[in-house]
Amino acid sequence: MNAHVNAPANSRANSAAHDRPQDHDAHVHPHDHRRLGRELDLFDTDPLMGSGLPYWLPGGAAVRHTLEEFIRGRERRAGYRHVYSPVLGKRELYEISGHWAHYRDDMYPPMRLGSEEMVLRPSLCPHHALIYRSRSHSYRELPLRMAELGGMYRSELSGVLGGLTRVRAIQLNDAHVFCTPEQAADEAVAALELIREAHRALGIVPVRYRLSLPGEGGKYVADPALWERAVALLTEVLERSGVPFEAAEGEAAFYGPKIDVQIADGAGREFTLSTVQIDFHQPERFGLHYIGPDGAKHRPVMVHRSVIGSVERVVAYLIERYAGAFPAWLAPTQIVFLPISEAELPQAERLRERCFDLGLRAEVAGPEHGSLGARIREARLVPYQAVIGAKEAVDERVALRLRDGRRLDPLPAEEALVRIGALAAACSGELWEDVPGC
Ligand SMILES: [Zn+2]
């Protein structure tokens with residue numbers, strides 16, 4: 001994915017070999033995200049849309065939306081500003097960026113449109129470079145942190161049908177920091193810290209940090225001095241961050257080295273989720289500059305970084321990590337109201353409305369869905385199950401059952417919903433404990 005999330009070139013061979021056991025259902029382990037994705041109505045694929053092109057069902061879309069807003073919120077707090085840019089561009093754009101020369105095998109073939117050739121983009125960097133270039137910038141505006149959760153495309157020859165881990169259309173959590181060479185290390189350290197914070201909130205545990213260096217062959221841009229400088233900076237960043245790391249040759253982006261945060265999926269296969277890169281190449285290619293204190297033009301550095309990688313990959317990981325029982329703030333349905341009889345339905349529906357006001361995702365499962373026991377079993381992955389009997393309806397109370405098996409004494413409905421809303425807003429991993437500061 002381009003460059004950002006997976007190493008180009010030899011990664012395809014590696015991931016193909018790694019993915020093979022998953023292709024046979026006999027080897028699928030119980031928490032395989034493809035199985036759970038189908039069972040829990042999170043996402044699916046259709047041969048007519050094409051393999052490697054999953055669509056998101058309402059439950060999966062709710063998880064994804066929450067995750068996207070979570071990451072945008074963290075980015076805003078870290079000084080990023082968000083943009084949108086188109087998912088395709090003229091072939092010349094990728095010739096300038098170097099993707100056409102170094103990454104073409106992973107790109108879709110151009111589409112002819114009149115006298116132009118349009119290409120589905122293999123990465124967001126060239127668009128962001130153009131957005132930067134469209135306005136003049138003083139050194140006082142730097143570092144300028146530009147973020148986008150945007151689509152990009154990869155021409156996998158055989159997308160693995162039914163999964164989110166090898167896809168042909170990718171939504172990337174991406175950003176580019178345009179800064180002075182002196183600011184680059186600090187920005188990369190801050191990006192790594194943002195990654196670590198987001199991982200903590202999501203319960204993601206990295207298996208290792210990798211300093212990805214170029215390997216043999218002509219797939220990397222040639223400029224030994226720039227590579228040396230970027231590698232020295234990233235090494236400094238890793239050392240300052242105090243994380244143990246290993247160097248790996250042949251895993252760099254074509255335009256520069258990168259720090260890859262490696263994660264293992266449910267079956268123990270390792271993949272790259274988050275990255276930080278320092279790039280001297282694309283600012284040069286696009287002729288980017290800022291006006292320095294001396295009034296002259298200077299070349300900025302681009303720090304590329306992705307906090308949670310592709311939305312597809314990270315959701316696949318989270319499905320397996322939690323076996324479908326997402327933390328309450330991420331759960332497709334956060335609370336289900338279970339009226340014991342028809343008589344309590346109006347109260348259940350009023351409380352669902354109140355949940356919407358509080359920003360919570362709520363459902364009502366009435367007696368038409370079966371016995372109370374059957375409805376509770378059906379809702380076993382929902383963090384909060386609120387049983388409403390005749391007495392609770394009159395008193396405006398709910399009897400809460402938590403997903404972990406705890407049962408709480410009936411309490412005022414408003415108090416319960418406000419507490420659940422506060423826990424969700426704090427992205428808490430707890431179901432009922434005190435709301436932490438967040
Ligand atoms: Zn980039």
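Domain bounds come from an automatic or database domain assignment. I looked these up and found the protein chain divided into domain 1 (2–322) and domain 2 (335–425). Their C-alpha centres lie 40 Å apart.

I note that this is a predicted model: local features need pLDDT of at least 70, side-chain atom pairs count only at pLDDT 80 or more, and totals for chains, interfaces and linings use all residues. Residues are numbered from 1 along each chain as its sequence is written.

**Helices.** I took helices (H or I, at least four residues) and strands (E, at least two) as DSSP runs, numbered from the N terminus. The axes of helix 8 (residues 184–202) and helix 9 (residues 224–241) come within 9 Å and cross at roughly 50°. Axes are lines fitted to C-alpha atoms, for helices over the stretch in contact, and angles run from 0 to 180 degrees between N-to-C directions. Helix 8 and helix 9 are therefore oblique to each other; angles under 35 degrees count as roughly parallel, over 145 as roughly antiparallel, 65 to 115 as roughly perpendicular and the rest as oblique.

I then listed contacts (C-beta atoms, placed from the backbone, within 7 Å). In helix 8, A184, A185, A188, V189 and L192 meet L233, L234, E236, V237, R240 and S241 of helix 9.

I found an open sheet of 3 strands in the order 4-6-5, with antiparallel pairing. Two strands pair if DSSP finds at least two bridges between them. Strand 4 (88–90) and strand 5 (111–113) are the edge strands, each pairing on one side only. The twist averages 35° from one strand to the next. Strand 4 pairs with strand 6 (residues 116–120) over 3 bridges, and L88 stands opposite L120 in strand 6.

How values were computed:
Two residues are in contact if their C-beta atoms, placed from the backbone, lie within 7 Å.
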